[in-house]
Amino acid sequence: MTNAVKTLTHGRELIAFRIGDQEFCVNIMSVREIRGWTQATPMPHAPSYVLGVINLRGVVLPIVDMSLRLGMKPAEPTVRHVIIVAQVGPKVVGLLVDAVSDILTVTPENIQPTPDIANEVEKAYARGILAIEGRMICLIELDSLFPHTESEAA
């Protein structure tokens with residue numbers, strides 16, 4: 001068995017995306033589709049990181065500003081932004097990001113632990129760091145980033 005075949009057999013696929021000049025990734029199994037930016041309708045009393053809702057083929061979908069959710073400055077959506085439609089627990093949400101950059105196939109050995117300098121909030125959703133081809137990519141666990149009760153509020 002070649003190394004490439006071993007990687008595909010034992011690897012885990014992740015979707016990498018950019019927010020500003022930082023890269024993050026999530027498990028590809030939680031991603032339903034990737035689509036261009038669509039103006040969201042604001043919802044009263046929604047959490048600050050929820051931009052609003054869109055109608056996706058008859059389903060009302062909350063759109064989350066991932067930049068704001070990760071503690072960065074709020075996004076200013078343009079036609080260049082992308083919505084990653086993802087399954088988070090029992091809910092489907094749209095994740096607004098700057099761009100999808102890559103599909104990665106990694107093994108557990110490729111994922112390094114989150115450094116001890118990360119605060120408890122970061123440790124709650126960051127499952128590790130990928131150091132690939134000179135890039136540092138933070139692996140995010142969506143279920144931890146959107147606890148069940150918050151996803152219901154969105």
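Buried residues, meaning those under 20% relative accessible area, with exposed ones over 50% and partly exposed ones in between (1.4 Å probe, protein chains only), make up 40% of the 154 residues in the chain. The model is a predicted one, in which local features need pLDDT of at least 70 and side-chain atom pairs count only at pLDDT 80 or more, while totals for chains, interfaces and linings use all residues. Residues are numbered from 1 along each chain as its sequence is written, and side-chain values use heavy atoms, with hydrogens and water left out.

**Fold and cores**

The chain holds five helices and eleven strands, taken as DSSP runs (H or I of at least four residues for helices, E of at least two for strands) and numbered from the N terminus. Of the contacts with a separation of 6 or more, 54% are accounted for by residues 24 or more positions apart, a contact being heavy atoms within 4.5 Å.

A nonpolar core is defined as a set of buried Ala, Val, Leu, Ile, Met, Phe, Trp, Tyr and Cys residues joined through side-chain atoms within 4.5 Å. The largest such core has 26 residues, and Phe 17, Met 66, Leu 95, Ile 140, Leu 142 and Phe 146 are those with the most contacts inside it. At least two residues of this core come from each of strands E1 (12-19), E2 (22-27), E6 (82-88), E7 (91-97), E10 (126-132) and E11 (135-140), and from helix H4 (142-145). Strand E6 gives the most to this core, with four residues. Apart from this core lies another, of ten residues, among them Trp 37, Ala 40, Leu 61 and Val 85.

Leaving aside neighbours within four places in sequence, Leu 142 is in contact with Val 26, Ser 30, Met 66, Ala 86, Val 88 and Leu 95. Ile 83, which sits in strand E6, counts as buried because its relative accessibility is 0%. With neighbours within four places again set aside, the contacts of Ile 83 include Glu 33, Ile 34, Arg 35, Trp 37, Ile 54, Ile 63 and Leu 95. Between Ile 83 and Asp 65, 18 residues apart in sequence, the C-alpha to C-alpha distance is 9.4 Å.

Ile 15 has its place in strand E1 and is buried, at 4% relative accessibility. Not counting residues up to four places away in sequence, Ile 15 touches, among others, Phe 24, Val 26, Val 31, Ile 34, Val 100 and Ile 103. The C-alpha atoms of Ile 15 and Asn 27 are separated by 6.4 Å, the two residues being twelve apart along the chain.

**Salt bridges**

Side chains of opposite charge can pair when their charged atoms come close. With a salt bridge taken as a side-chain nitrogen of Lys or Arg within 4 Å of a carboxyl oxygen of Asp or Glu, the count comes to five. The table includes three of these pairs.

| Pair | N to O distance |
|---|---|
| Arg 135 and Glu 23 | 2.9 Å |
| Glu 33 and Arg 35 | 3.6 Å |
| Arg 135 and Glu 133 | 4.0 Å |

The pair of Arg 135, in strand E11, and Glu 23, in strand E2, links distant parts of the chain, 112 residues apart. Glu 23 is buried, at 14% relative accessibility, whereas Glu 133 is exposed, with a relative accessible area of 70%. Salt bridges that share partners join Glu 23, Asp 102, Glu 133 and Arg 135 into one network. Glu 33 is partly exposed at 21%, and Arg 35 is also partly exposed, at 24%.

**Loop residues with positive phi**

Most residues other than glycine have a negative phi. His 45, in the loop between strand E3 (31-36) and strand E4 (50-56), has a positive phi near 65 degrees and is exposed, with a relative accessible area of 86%. Arg 57, found in the loop between E4 and strand E5 (59-65), has a positive phi near 50 degrees and counts as exposed at 63% relative accessibility.
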